[in-house]
Amino acid sequence: MKHIDMNSLLEEHKTKLQWIGGQHAKIKQIKNILNGKSADSAMFFAIEGIWAHQKLMKTNIEMDSFLFCPECIYSEEAFHLVEKSLKKAKNVFIISKKVMEKISQEDKLDGLVSIGLLPHHKIEFLKLKKHPVIVVLDGLEQAGNIGTIIRTCDGAGVDAIFICNKKAKLTNPKLIKASMGGVFTVPIIEFSNVTACINWLSKHNFHIYLADTHANRTYKQHEYSGNTALVIGSERYGISMEWYDCPHQQLLIPMHGICDSLNVGIATAVIVYEIKMQKEGSVL
């Protein structure tokens, strides 16, 4: 195991390092982001810990600030992440263990916290593969559910996620954590209204499928070909009525117990993987 020489590392990068205390503006910024109080337009998100930083290092996400506590860096793994973050981050700050304890939301202190900038994807620059799959989230409210769906879309190879009737911030820490890094990789595009989203999908020849518990056909009884858009409605109110006025097909997941539906994140995963497996010529 490589010897961890924190003192040498600090000396090597001393011109870039800033020592800050608990009252510094950067600490207040991180607290606001982690508490969901930051302005959504800024698109700043915060992550903490070894696992999250490992995911971040595999992307081209802009790292605005990196904060670390030398007292909490125990493992070689964490030390290497400090080395990489020192090179990647625009601003680097050193904090004490006491300050780290104040801002941390984890049970175990890994000594690593960063502020990143989520990429802003524009619809006019979206590049799609042949016969793409897009998941449309209409009015979803729970950040954890949205993060889970983003994770599923990353795993299944969904081409993009569209959001209508936005109810949760993409920078919400629960969403970031639940996405398991997927929010860094899957193109997510917000539409000002449902009509704009429908018009774009229609213009690009998408077959639109609505996940609806009142549908008379199951998700297994459809053949998914060509460009495919799956619309998922809010946990409370379902899909907006505008979707029912455009050409579409409805599908459901059969329920055999006392519950009338699955969690929206689980339901999305079931349907999305069926769509992808059909397109890839496989059977679940």
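Select Val 135 to start. Setting aside residues up to four places away in sequence, Val 135 touches Ile 149, Cys 153, Val 158, Ala 160, Ile 161, Phe 162, Leu 230, Ile 232, Thr 268 and Val 272. The model you are viewing is predicted. Val 135 sits in strand β6, which covers residues 133-138. Is Val 135 buried or exposed? Its relative accessibility is 0%, so Val 135 counts as buried. In sequence, Val 135 and Gly 281 are 146 residues apart; from C-alpha to C-alpha they are 20 Å apart in space.

**Zoom out**

Show the whole protein chain. The C-alpha trace spans about 65 × 45 × 40 Å along its principal axes. Of the 284 residues, 50% are buried. Switch to a surface view. The accessible surface is about 14600 Å², and carbon and sulfur atoms hold 50% of that. Contacts come next. Among those with a separation of 6 or more, 81% join residues 24 or more positions apart.

**Into the core**

Select Phe 68 and Leu 137. These two have the most contacts inside the largest nonpolar core, a set of 59 residues. Which helix gives the most to this core? Helix α6, residues 143-156, does, with six residues. In soluble globular proteins, nonpolar side chains tend to be buried together.

Stay on Phe 68 and display what surrounds the side chain. Residues up to four places away in sequence are again left out. Phe 68 touches Met 6, Leu 10, Leu 17, Val 82, Leu 86, Val 92, Phe 93, Ile 94, Ile 95, Gly 111 and Leu 112. Another core, of 21 residues, lies apart from the largest one. To find this other core, select Ile 198, Leu 201, Ala 229 and Cys 246, which are among its members.

**Aromatic rings**

Show the aromatic side chains. How many aromatic pairs are there? The count comes to six. Pick Phe 45 and Phe 184. Their ring centres are 5.1 Å apart and their planes meet at 35 degrees, so the pair is tilted. Phe 45 belongs to strand β2 (residues 44-48), while Phe 184 is in the loop between α7 (173-178) and β8 (188-190), so the pair ties together parts 139 residues apart in sequence. Both Phe 45 and Phe 184 are buried.

Move to Tyr 209 and Tyr 224. This aromatic pair is edge-to-face, with 5.0 Å from centre to centre and 65 degrees between the planes. Tyr 209 is in strand β9 (residues 206-211), and Tyr 224 is in the loop between β9 and β10 (227-233). The two are 15 residues apart. Tyr 209 and Tyr 224 are both buried.

Now select Phe 162, Phe 191, Trp 200 and Phe 206 together. They form one aromatic cluster.

**Last stop: Gly 238**

Select Gly 238. Where is Gly 238? Look in the loop between β10 and β11 (249-251). With a relative accessible area of 30%, Gly 238 is partly exposed. Gly 238 is in contact with Asp 138 and Gly 233, leaving aside neighbours within four places in sequence. Gly 238 and Leu 210 are 28 residues apart in sequence and 10.0 Å apart in space, C-alpha to C-alpha.

Terms used: Residues numbered from 1 in each chain as written. Predicted model: local features only at pLDDT ≥ 70, side-chain atom pairs only at ≥ 80, totals over all residues. Heavy atoms only, no water. Core = buried A, V, L, I, M, F, W, Y, C linked by side-chain atoms within 4.5 Å. Buried < 20%, exposed > 50% of the residue type's maximum accessible area, 1.4 Å probe, protein only. Helix = DSSP H or I, 4+ residues; strand = E, 2+ residues; numbered from the N terminus. Contact = heavy atoms within 4.5 Å. Areas by Shrake-Rupley, 256 points an atom, 1.4 Å probe, with all protein chains shown as cover. Phe/Tyr/Trp six-rings, centres within 6.5 Å; stacked < 30°, edge-to-face > 60°.
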